Amino acid sequence: MDPTTDNAGNTGNPGDARASLEALRAEIAKAVVGQDPAVTGLVVALLCRGHVLLEGVPGVAKTLLVRALASALELETKRVQFTPDLMPSDVTGSLVYDTRRAEFSFQPGPVFTNLLLADEINRTPPKTQSSLLEAMEERQVTVDGTPRPLPEPFLVAATQNPVEYEGTYPLPEAQLDRFLLKLTIPLPSRQDEIDVLTRHASGFDPRDLRAAGVRPVAGPAELEAARTAVAKTSISPEITAYVVDICRATRESPSLTLGVSPRGATALLATSRAWAWLTGRDYVIPDDVKALALPTLRHRVQLRPEAEMEGVTADSVINAILAHVPVPR
């Protein structure tokens, strides 16, 4: 067997990997209508080994989108419904006393999977939200002093309702900064909503993705080949300086109390690199940075209360900065 081919026959060729990941959109579209930007964002996060925060009102297919992605990539996925009474051990796992062996043994929690769907993460108190911090940053869980590594690949896709909704807790800044991307899931257009209803009238069952025709189009081999190719995508010193200038401008904005940290600048460079590779280039251009600036930075800044009262949003501040920071030639 060729060393770049796994047991399922998937190749590790970068060109094949790109084609497979591009095919994800068509595959997920069998279950989810009109959410191409969110699908692209999830793929970028997988390429960068990052995590994604999905925000939208209830009922816009956030959960279905993540489940469809897992099916199309043949990844193991588990779901945790975050509620006010959820405990940290319900996510990470805990030590359980085994009466037969008269000793404690570790029972893994749902975080031990490839793709963890943290549903409505902002409906649980900060203590439980913070239980994910070590898993997201270190890719391990420590219980009783013993670190336990998580599977690879590992991605947290957390959904949240807009913060003004009743019964929500704001995510701590430290946890927000651990999310590579924040993707907003809008309400569908009129035609997309008609398509959704037409599918349901024809017998579509969102709980049975196999019946909807969603099939694996990529696997771990393609994902690893893609990550290797992304790491070889070149970045000029001018592009690096452009990313730094954008992030430094957020720290000087009069509308913000908190600008983008150096970790955010690193994230923008990584996502721009992944986007460049996905679009077929082995080098990054300014348009790649602009394309990923909003989802990468919008959750890493904080608005001043007076700016928020005037209707200013994080997106509008970042767009204004992109319009004023000189673009390298």
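A crossing of two helices is left-handed if the near helix is turned anticlockwise from the far one by less than a right angle, and right-handed if clockwise. The crossing of α9 and α11 is right-handed. The helices come from DSSP runs numbered from the N terminus (H or I, at least four residues), as do the strands (E, at least two).

This is a predicted model, in which local features need pLDDT of at least 70 and side-chain atom pairs count only at pLDDT 80 or more, while totals for chains, interfaces and linings use all residues. Residues are numbered from 1 along each chain as its sequence is written, and side-chain values use heavy atoms, with hydrogens and water left out.

## Helix packing

Axes are lines fitted to C-alpha atoms, for helices over the stretch in contact, and angles run from 0 to 180 degrees between N-to-C directions.

| Helix pair | Angle | Axis separation |
|---|---|---|
| α2 (residues 36–47) and α3 (residues 62–73) | about 55° | 11 Å |
| α2 and α11 (residues 262–278) | about 110° | 9 Å |
| α9 and α11 | about 110° | 9 Å |

Angles under 35 degrees count as roughly parallel, over 145 as roughly antiparallel, 65 to 115 as roughly perpendicular and the rest as oblique. Therefore α2 and α3 are oblique to each other. Their crossing is right-handed. On the α2 side, A38, V39, L42 and L46 make the contact (heavy atoms within 4.5 Å). L65, L69 and L73 supply the α3 side.

The contact of α2 with α3 has 7 nonpolar residues, no polar and no charged.

T40, V43, V44 and L47 of α2 meet T271, A274, W275, W277 and L278 of α11. By class, the contact of α2 with α11 holds 7 nonpolar, 2 polar and no charged residues.

Helix α11 has a further partner in α9. These helices are roughly perpendicular to each other. A226, A229, V230 and A231 come from α9, and R273, A274 and W277 from α11. The contact of α9 with α11 divides into 6 nonpolar, no polar and 1 charged residue.

## Aromatic pair

A pair of aromatic rings is described by the distance of the centres and the angle of the planes. Rings of Phe, Tyr and Trp (its six-membered ring) pair if their centres lie within 6.5 Å; planes under 30 degrees apart count as stacked, over 60 as edge-to-face and the rest as tilted. The structure holds 1 aromatic pair. The rings of F106 and F112 have centres 5.8 Å apart and planes at 70°, so the pair is edge-to-face.

Relative accessible area sorts residues into buried (under 20%), exposed (over 50%) and partly exposed (in between), with a 1.4 Å probe and protein chains only. F106 is buried at 16%. F112 is buried at 14%.

## Two single residues

C247 sits in helix α10 (residues 237–251). It is buried, with a relative accessible area of 0%. Leaving aside residues up to four places away in sequence, C247 touches V260, A265 and L297. C247 and A291 are 44 residues apart along the chain, and their C-alpha atoms are separated by 15 Å.

R207 lies in the loop between α8 (190–201) and α9 (220–231). R207 is exposed, at 67% relative accessible area. R207 and G59 are 148 residues apart in sequence and 14 Å apart in space, C-alpha to C-alpha.

## Backbone exceptions

Most residues other than glycine have a negative phi, and most peptide bonds are trans. The peptide bond from E152 to P153 is cis, with omega near 0°. P153 belongs to the loop between β7 (146–149) and β8 (155–160).

A61 has a positive phi, near 75°, and is not a glycine. Its place is the loop between β1 (52–55) and α3. At 29% relative accessibility, A61 is partly exposed. E120, also not a glycine, has a positive phi of about 55°. E120 is in the loop between β5 (115–119) and α5 (126–129).

Notes
Nonpolar A, V, L, I, M, F, W, Y, C, P; charged D, E, K, R; others polar.
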